[in-house]
Amino acid sequence: MQAKAVGIYQGAAIDAGSGFQDVTIEVPKPTGRDILVAVQAVSVNPIDTKQRQAQPAVTTPRVLGFDAVGKVLAVGEAVTSVMTDDIVYYAGAVDRPGSDAEYQLVDERLVALAPQNWSVTDAAGVPLTALTAWEALFEKLGWVPEKDANSGHSVLIVNGAGGVGSIAIQLAKWAGLTVITTTGRPETTAWVKQLGADMVLDYHQDLAAQLQAQGVAMVDSAVLLHSTDLYLPKVAPLMRPLSTIVAVVTNAQPLPMALLKAKSLNFAWEFMFTKANYQVPEMATQGMILARVAALADAGVLVATTKQVVTGINAATLTAAHRTVETGQMLGKIVLTAPFNG
C-alpha cells in the first residue's frame with residue numbers, strides 16, 4: 001500500500017525551509033501486534049521539532065509525527081485489544097515511521113479508543129502530553145491516580161500553559177493535589193486558572209518569595225517542563241525534604257545535583273518513549289493510561305487542550321506548525337487534520 005506523507009531527508013532549521021517534503025511512501029501490511037491506521041489528525045510537539053532539526057542525511061525519507069487519531073483498517077494476527085473500524089488515538093514510537101502520513105503502523109499496546117465525546121481535533125492533541133503528564137505524576141512522583149486521593153499534598157508544575165502542563169494541571173487537580181504553576185503572560189495565567197491551578201507564579205520574579213507571600217514554605221513535588229538547567233537550581237530550595245523532582249526537558253549542561261543532597265531529594269527523568277524504545281513489559285501501560293484518560297475526557301473531568309486547528313497536512317502546513325511550536329510560546333496544542341494534500 002502506498003501513502004501520501006510528509007518526510008525529511010536531512011534536518012534543517014525552520015528558517016531554512018525546515019526540510020519537509022511531500023512524498024509517497026510504501027506502507028506494509030500489519031503483522032504481529034501491529035495495527036494499520038488511516039490517520040485523521042495529528043498534532044505537533046516539541047519532540048517533533050527536535051527530531052527534525054537533528055535528522056542526519058538519509059536516502060529514504062523519514063516521517064515524523066508523534067500524536068494521532070485515526071481509524072483502524074487492518075490488524076496483525078496477534079492483535080487482541082482493538083478491531084477494524086475502531087477510532088484510536090496514540091503517540092506511537094520515536095523509532096518507527098510517524099503519523100505524518102495517510103497510513104501508519106503502530107503497536108496495539110500503545111493505543112486506546114479515542115474519547116467518544118471529543119472531536120477528532122481535540123483527541124489528537126492529547127496522547128503524548130497525557131502520557132507524559134500521567135507518567136510524571138503517578139509513576140515518577142508516585143501520587144495515586146484516583147479522584148481526590150492525594151488531598152493535602154502539592155505539586156509545582158513549571159510551565160503550566162504548554163501542552164504537557166495543560167494536561168498535568170487537570171490530572172493533578174482530579175487526583176486531589178494542590179497545583180502551583182508558573183506563567184509569564186496574562187493569557188497564559190488566565191488559561192492555567194481556567195484549568196484549575198490553585199496558585200500561579202510569575203516566572204520572571206523570585207519563585208520562593210512569591211510562595212512565601214502566599215503562606216507556602218515548601219512544595220511536596222515538582223515537574224519541570226521547561227529548561228531543566230535553569231529551573232533545577234531554582235526549584236530545589238523550594239522542595240520538602242525527601243521529595244521528588246521530575247524533569248522532562250534534556251539538560252544542556254551538567255546539572256548541580258549536589259543541591260539535592262542535604263534534603264535527600266530524588267530526581268527522575270520522564271521520557272514517554274522509553275517504554276516503546278526498549279520494548280519493556282510496561283509498554284502496554286501506555287494503552288491503559290490512554291484508556292483512562294479517554295474515560296476522564298468522556299466524563300467531563302478533562303477539557304481539551306487543542307487551541308489551534310489547521311486543515312490539510314502537507315509540507316507547508318507542517319513547516320508553519322513547527323515554526324509556531326519552536327517559538328516556545330504555545331498555549332495548549334496545535335492540530336492538523338486530513339486530508340493529506342501535498
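What volume does the largest pocket have?

1. The largest pocket comes out at about 1100 Å³. A pocket here is an open set of points on a 1 Å grid over the protein atoms alone, where a 1.4 Å probe fits, with protein on both sides within 12 Å along at least five of seven lines. Its volume is the space filled by probe spheres set on the points, which are joined across faces, edges and corners.

2. A word on the basis: this is a predicted model, where local features need pLDDT of at least 70 and side-chain atom pairs count only at pLDDT 80 or more, while totals for chains, interfaces and linings use all residues. Residues are numbered from 1 along each chain as its sequence is written, and side-chain values use heavy atoms, with hydrogens and water left out.

3. Back to the largest pocket: 42 residues line it (an atom within 4 Å of a point), and Pro46, Asn159, Leu225, His226 and Val249 are the closest to its centre. Elements giving two or more lining residues include helix 3 (127-140), helix 10 (315-326) and strand 16 (333-340). Helix 1 gives the most, with five residues. Helices (H or I, at least four residues) and strands (E, at least two) are DSSP runs numbered from the N terminus.

4. The lining of the largest pocket holds 18 nonpolar, 19 polar and five charged residues. Nonpolar means Ala, Val, Leu, Ile, Met, Phe, Trp, Tyr, Cys and Pro, charged means Asp, Glu, Lys and Arg, and the others, Gly among them, are polar.

5. The second largest pocket has a volume of about 270 Å³. Of its 17 lining residues, Ile25, Val63, Arg96, Pro97 and Gly98 are the closest to the centre. Strand 7 gives the most to this lining, with three residues. By class, the lining has 10 nonpolar, three polar and four charged residues.

6. In the largest nonpolar core, 81 residues come together, and Ile35, Tyr89, Leu137, Val155 and Leu171 have the most contacts inside it. Such a core joins buried (under 20% relative accessible area, 1.4 Å probe, protein chains only) Ala, Val, Leu, Ile, Met, Phe, Trp, Tyr and Cys residues through side-chain atoms within 4.5 Å. Helix 3 supplies its largest share, eight residues.

7. Finally, helix 1 has Ile47, Asp48, Thr49 and Arg52 buried. Their cover includes strand 1 (2-8), strand 3 (34-43) and helix 10.

Conventions:
Buried means under 20% relative accessible area, exposed over 50%, partly exposed in between (1.4 Å probe, protein chains only). Contact means heavy atoms within 4.5 Å.
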